[in-house]
Amino acid sequence: MSTTQPTAKPPRSAADRAAERLDAWARQHPQAAALARLASLAVRVDASLLRRLRLQLLPRAEPGIEADLWFAGLHAAQGGGSLVFDAAVLQLLRTQLCQASAAPGQPRPLQAAWDITRGLHAAWPEALRIEEEITFLALQGGAGAPAAMGQALQPALAAMASGGDARALEVARWAQRAMPRLPDAARQHPAVLALWLGALVRLGATSGPLPATGPAGLPPDLRWLLPADTGTAPLRVACQPLADGLRLWPLADGAADAAQQITLPAALAPLLAVVSHDGPDHAQHRTVLLQGDTTVPLPPGWQQATLHNLAGQRWQLQRQAGGTTNALPPLAWQQVRVQVLGPKGPVGLGCFVSPTEVVTVVDVLPRTLVDAMRGPDDRRTWAGSGTALPFGQPLPEQENAANQPVRLMLQVHGGVQREQMAQLAALDLYSSLALLTLQRPFAGAAVAPLQLIRPAPGAPVWTVPGLGGQTGQWAGQVQPDARLDRLPEGRLPPDTLAQPFAMKLPQPHGALAGMAGAPMFEGHQLVGLADLSRADPDGSTVWAVPAAAIHRFLAWARRSEAEAPRVLLHHPVDDPYGKGAEMDERAAQRLARAAWRARLHLMPGADGAYTLRSAREQGADGVDDPALMPSLDAAIRLVTPVTRDGADEPGRTRLLALAARRWANPGFPLLNFGFRMRSERQPLPVPLRGSLLQPIETPGPEELARQLLDAADPVPDGGAGPDDGRAVLKEMLETAARPFLPRTSALDAVWQAAVAHDLPAAVDLVTRAWRSSSRLPAAVAADLLAQAALPLPDNSFVPTLRGAAPGAWAVNAMPLQLGRLLVARAHIGRPAPACVLVRDQVWAGEASAQAVEQHLHTTLAAALDCRPDEAALLADRLALPVWMLVATRPLPDASTLQALRSALPNARFLFLAGPQPDFDAAANAAGITPLPAIADRADLAWMHGYKRLMDWAQPRQRASAPAGPKRKTRAK
Amino acid sequence: MPRRAPLNAGDLLRAAQALQVQDPAMLQRLARQLGLPAPPASAAPPPAPAATERAVPPGRPQPTQPTPPTRATPAQPGGTPGTDDTAAPGSLVPAMLTALPDLAGAATAPAWLSPGMPQLAKGPVAPPTPHDTLFSPPSSRAMGAALAAVRVADGDVDTDRLVAALADGLPLRAVPRLPVWTLRHGLQVLVDQGPAMQPWHADVDQLLGLLERLLGEAQLQVLGFDGEPLQGCRHPGTGDPMRWPAPPPGAAVLLLSDLGITRLPGRPRPQAARHWQGFARAAAQAGAAVRVLVPQAPSRWPVGLPVPLRLLWWDRRTTVAAVRRLLSA
C-alpha cells in the first residue's frame with residue numbers, strides 16, 4: 001500500500017459536515033457560538049477558560065451558554081473537566097475568530113482571547129502552551145509571525161534533537177498529536193514540518209498523518225533532528241520509470257538487485273520526496289511513503305525527476321530518448337518452469353521459487369523416494385529405536401532411498417536446455433506439494449511472484465503449454481468454487497484458503513498428460529500448481545494447489561531446527577510393566593514421529609518419561625525440565641492407563657506447569673491424546689478441564705503430524721480489527737444475550753446506549769425489557785455489555801493493551817472490575833487473559849513489590865488448587881504473562897515500579913488509581929503509560945450500572961408453590 | 001444439526017494476516033471469498049507483525065517474497081507539448097538513475113541546538129489559576145449565608161403585636177417576636193450529579209466549600225442525586241446509594257441543578273414540572289424550604305414548576321438583597 005501526501009485541508013465532505021453542524025448550532029445558540037470562537041485558541045477547553053472568556057469578553061451573556069457549548073457535540077474528546085474540539089470544527093471556529101478580528105471598527109477578540117487563554121494556561125505544561133502560542137501567531141499573521149513561531153518551537157526541537165531518546169519520544173508523541181491540529185498557516189512552517197517529520201521517523205511512518213509539505217516539498221536534509229542509525233540493514237528500493245509515473249517497491253532481503261534501485265537507511269522512515277520537472281520552470285513535489293508497491297504519478301511529459309530523503313541522499317532520474325518499452329513484457333515462463341525427468345523422459349513439471357529451489361507435486365516423483373521421505377506408517381510398523389530423529393532429514397533407515405537424486409531439465413536461454421540434479425527436501429503435510437533443492441544455484445532461474453489470494457471464479461488464468469511446448473500459453477478460466485466446508489464450531493479449517501481451485505482448459509483431456517506440477521499464472525503472478533492427483537471433475541478441468549499453499553509450505557519447509565516451535569511431550573509413568581509398557585512407549589514414539597514429520601522440536605521430560613524429580617531440585621542442579629521453560633510454544637499430553645500425574649504422583653508439577661500456562665494464557669496450545677482412554681482418570685486442575693482426549697491409535701501418521709502442526713504453529717493474531725473489535729464484541733453479545741431477548745431487536749437500543757458509554761441507561765433497558773432466567777446465568781452477556789459501555793472516551797486502548805509487551809499502564813478510575821473488563825475488551829475475540837486483582841495497594845518500597853507478588857502466588861494457588869509454595873515456584877520459573885490489576889492511590893513512583901518489574905518481569909501492570917491532579921504527568925514520570933482519561937465520576941456511574949447488571953444476571957430463584965393440596969373454592 | 005456460527009470480521013483479519021494481504025482491493029476480494037461484506041477500500045489490514053516472520057537459516061536459499069500485483073496507473077488526460085505520444089500510460093520508459101552528491105553537512109544543525117540551550121520543560125510550571133466564581137466574589141460569603149439561612153420568629157419582642165393583643169383583651173399564649181434570619185438549623189444541599197452538571201463541577205465545589213466554612217461540617221449535609229432526589233441519593237464520599245433523608249426540622253434544602261434545561265445529546269428533555277412534583281410535595285410535608293440554584297438565565301427556566309421550589313439564578317447579577325426578598329416572600 002502506498003501513500004502520497006494528503007491535501008492540506010481535511011477532506012471536503014468532513015469540512016462540509018462540520019460547517020453544517022456548526023452553522024445549525026450557532027443559529028440556535030449565537031452567544032455560545034461566540035464563546036466557542038473565543039475558546040478556539042486553546043488546545044483543551046476547560047471550564048475555567050470558558051468562565052473567564054464569558055465574564056470578560058461576553059459580559060452580557062448568561063452562564064448557561066457555557067453548558068450549551070459543553071454539550072454542543074462539537075468536540076472530538078471530552079473528559080477530565082475539559083474538551084477538545086473536533087479538528088474540522090476547530091478550523092472553522094478559528095477562521096471565524098480571525099474574520100471577527102479583522103472587521104473594521106471592532107475590538108480585536110483574537111488578541112483579547114489570547115491574553116486570557118495565555119494567562120489562564122500559564123500553569124500548563126510547556127508543550128501545550130507552545131501549541132497555543134503557535135496557533136495564535138499563525139492566526140494573527142504578520143511579518144514577524146514566522147520568526148516568532150520558529151522561536152517558540154526551538155525548545156521542542158532542541159529536546160527532540162538532543163534531549164535523549166526517551167525525551168525525544170515524548171516530544172514526538174506530543175508533536176504527532178499537536179501538529180495536525182495547528183492552523184494551515186502554521187503547518188507548513190519549516191520548524192513545524194521538521195518537528196512533525198521527526199515525530200514520524202521516531203514513531204513509525206504509519207503512526208500518524210503525513211504533513212502536507214507545500215510547494216517546497218520535503219526538507220532537503222533533517223539529519224540533525226533524526227535518530228542515529230541503529231545499524232539495521234538498509235532498505236533497497238527498486239525504481240521503474242513509467243510514461244506517467246514512477247513505480248517503487250522495496251526489495252526483500254536476499255532478493256536479487258533490481259535494474260535500477262536506490263538504498264535508504266532502514267532506521268529512518270521510508271519517506272521519499274519525488275520532484276518531477278516537466279519544463280524549465282515547472283516542478284511538482286510529491287512526498288511518498290514507501291510501504292509496498294507504490295506508483296508515484298508524474299506528468300505525462302516528464303523529462304527529469306529527482307528523489308531525496310530526509311537524510312540528505314539524492315538521486316536523479318533522467319528520461320532517455322527513444323520510445324516506450326513494452327508495458328508488460330511477456331513472462332519468460334520457460335525460465336520459471338522446470339521439467340522433471342523420469343527414466344524415460346519428462347514426467348511432470350515444477351517451477352522455481354528461488355535459484356536453488358523448485359516446487360512441484362509428489363505425483364511426478366518416484367514413489368520410493370516419496371515413501372522414503374515420509375517414513376513408514378507407524379500404525380503398522382513399529383521401529384522404536386529411542387534415538388533422536390533428525391530434524392528435517394530422512395530417517396536413518398530411509399536415508400539412502402530418500403537421497404536419490406531427481407533429474408530436472410532446465411531452460412538456459414535461446415531454447416538451450418540443461419539437465420541438473422536435485423534432491424527432495426520436503427513434502428507438504430496439507431497438499432501434494434514437494435520441494436526440490438538444486439545442488440548448485442541456477443543462474444537462469446526466474447521466479448514469478450506468488451499471488452496469495454486465490455483467483456476469483458471466472459478469472460482468466462493461463463498455464464504453460466504441456467510437457468513438450470516451448471512457446472505460447474494455454475489460456476483457461478477459473479471454475480466456480482465449491483462451498484467452503486466449515487468446522488462444527490462454524491470456523492474455517494486452518495487451511496481453507498489453500499483449498500485447491502479448478503481451471504478449465506480448452507485443450508482435450510488427453511493433452512493434459514504430464515501437466516502435473518505445471519505452474520498457473522494470472523498475468524505475471526503465479527497462482528497455483530497443477531495437481532492431477534485429484535479426480536478430474538469435468539473433462540479437461542485441472543485442479544491446482546493455490547499459491548497460498550505454496551507460500552505456507554515454503555515458510556514451513558525452510559524453517560531450521562532452531563526456529564521450530566518447541567513442543568513439550570508430557571507423559572509421566574512411574575511403573576511400566578509388561579505389554580502395557582510396550583504399547584505405551586509405542587504411542588510416545590508415534591508422537592515423536594509426528595513431530596518429526598511436522599518439523600517441530602519435541603521435548604520429552606528432562607529426566608525421561610518415567611521419573612520426575614521435583615522442579616526445585618532440578619533448578620538447584622541446573623537441570624531444566626522443558627515443562628518449566630518459559631519459551632514453550634505448545635504441549636502434548638499423552639494419557640495412557642499407566643500415566644501418573646495425579647495429586648501425589650510424579651507428573652504433578654509438570655501438570656501444574658501446563659495448567660499455570662493455560663491459566664495465564666488461555667490460548668496456549670495443549671493437545672491431549674489418549675491411548676485406550678476416553679476420559680481423564682484424575683480430575684485435572686481447573687484451567688485444563690474440558691479439553692477432549694483425542695485417540696492416538698487411529699489417525700494416520702500424516703494426519704497426526706497435521707494435528708501437531710496446527711496446534712503448534714497457529715495463525716498469528718490479526719489484531720482486533722479496523723474497528724478495534726467492536727463488530728466482534730457485538731456479535732458475541734448477540735450470541736450470549738439471545739436466550740434473554742424477547743425479540744432480536746431488543747438488543748439494538750441497549751447496544752446504542754452501551755456504545756454511548758451510558759451503562760446505567762443500558763441497564764435500565766435490560767432490566768425493563770429483557771427476560772431473566774431461573775436457570776441460565778447471564779453473566780457472560782452482562783460482562784460483554786459492560787465491556788461495550790466502558791467509560792473510556794475512545795477505543796485507542798484496545799491496540800495498546802492487546803498483545804502488549806510487559807509494561808505498565810494506568811487509568812484514572814478505581815473499580816477493579818472496570819480494569820478487568822478493560823483488559824478483556826482489549827483481547828476481544830480471544831480468551832480473556834488471567835487478571836490478578838490487588839486491592840488498595842499502598843507503596844512502601846520493595847515490601848510493596850513482594851506484597852503484589854504474593855497476590856499472584858495466592859491467586860495462582862487458588863486457580864490451580866495447589867500449595868502456595870508450588871504456585872510461587874511456578875510463577876518464578878514460568879515468568880507468566882499475567883495482568884496485574886492494582887487499585888491504588890497514588891501511582892507508584894519510578895523506583896517502586898522498577899521493583900515490581902524486577903519481581904514480575906513478564907507481568908503487565910494496570911494501575912487503577914482514580915482521578916488525581918496531573919494524572920498523566922505523574923504516570924509519565926514513573927514510566928507508566930496513561931490510558932485515555934475517564935470523565936470525572938464516569939467510572940462510578942459505570943460501576944453502579946455494572947452492579948445492577950450483575951444483580952439482574954444472577955439466576956432467579958423460582959417462587960416455590962405452597963405445600964399441601966391445592967384448595968379449591970366452590971363458586972357460590 | 002448443530003447450529004453454526006457465521007464467519008465474522010475476525011476470520012477475515014486472521015486470513016488477511018496469514019496471507020499478508022496489504023492491499024485494500026485484495027482485502028475486499030478476500031472478504032468476498034469468505035462470504036463477508038466487503039470492507040471499505042480504506043480499511044487496510046494491520047501489517048504482519050515482525051515477530052511472526054521467521055528468519056531464513058544461513059546456507060539455505062532465501063525465500064521469495066511475493067510481490068504485490070501491479071496496479072494500473074490511471075491515464076493522465078491530455079499531455080504536455082514534447083511528450084512522447086507513443087508512450088501509453090503505465091508503459092515502461094527508458095530512464096537513467098544516477099546518485100547525486102549527498103547533502104551531508106550542507107544543512108548544519110541550528111546554533112540554538114548547542115548544549116545548554118533551553119529545552120522543552122516537563123509538567124506544569126506554576127500553580128493553576130483559581131476558577132472564577134458564578135456569584136460576585138465580594139458578596140459570595142454574604143450570598144452563601146443568604147442561601148443557607150431560614151427566617152424564624154426568634155428576634156426581639158414584637159411590641160406592636162403585643163400591644164395590639166393586650167389592647168384587644170386577647171389571652172397571651174406566647175410572646176410574639178420579630179422574624180430574623182438564622183443559620184442554626186443547618187442546611188441540606190442536594191447536588192445534581194447528572195451529566196448536565198459537568199460544566200459546573202468547579203462551581204459546586206466552590207459553593208460547598210464556602211457553605212462548609214460558614215456553617216461548619218456538622219450543620220451541613222451534602223447529598224448527590226441523578227435525576228431527582230426521590231429516585232435515590234448518593235453519599236458524597238462513598239457514592240453508596242441511599243434514600244433521600246428529610247432534612248432536620250427547620251433546616252432549609254438547597255438544590256444545585258440545571259433542572260434539565262441543558263439539552264444533552266441523545267437524551268429527551270425531561271418534563272421538569274411533572275418531574276419535580278413528587279419531590280416538592282415530599283419536601284413540603286417535611287416542612288423544608290427548598291431553594292434551587294440554577295445557572296441558566298430565568299428566561300430558560302421551565303414553566304409550571306411546583307410552588308415550594310424557590311428558583312434563584314446562579315449568576316453575578318443576583319444580589320443578596322434579591323435573594324432575601326425572594327426567600328422572605
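**A tour from the largest cavity to chain B**

The largest cavity in this predicted model has a volume of about 190 Å³. It is one of 6 cavities of 30 Å³ or more in the structure.

To find the largest cavity, select A:M373, A:L427, A:W556, A:W596 and A:R597, which lie nearest its centre among the 14 residues of its lining. Next, colour helix 13 (367-374), strand 17 (417-427) and helix 16 (578-597) of chain A; each gives two or more residues to that lining. Which element supplies the largest share? Strand 17 of chain A does, with 3 residues.

Strands of a sheet pair through backbone hydrogen bonds.

Zoom in on one pair. Strand 20 (residues 474-478) and strand 21 (residues 501-504) of chain A run antiparallel and are joined by 2 bridges. Show A:V478, and opposite it in strand 21 of chain A you will find A:M503.

Finish with chain B. Its 329 residues are 40% buried, and the chain has 8 helices and 10 strands. The accessible surface of chain B comes to about 17,600 Å², with 57% belonging to carbon and sulfur atoms.

Notes:
Residues numbered from 1 in each chain as written. Chains lettered and ligands numbered in written order. Predicted model: local features only at pLDDT ≥ 70, side-chain atom pairs only at ≥ 80, totals over all residues. Heavy atoms only, no water. Helix = DSSP H or I, 4+ residues; strand = E, 2+ residues; numbered from the N terminus. Buried < 20%, exposed > 50% of the residue type's maximum accessible area, 1.4 Å probe, protein only. Areas by Shrake-Rupley, 256 points an atom, 1.4 Å probe, with all protein chains shown as cover. Pairing = 2+ DSSP bridges. 1 Å grid on protein atoms, 1.4 Å probe; cavity = no way out; pocket = protein on both sides within 12 Å on 5 of 7 lines; lining within 4 Å. Points joined across faces, edges and corners; volume = space filled by probe spheres on them.
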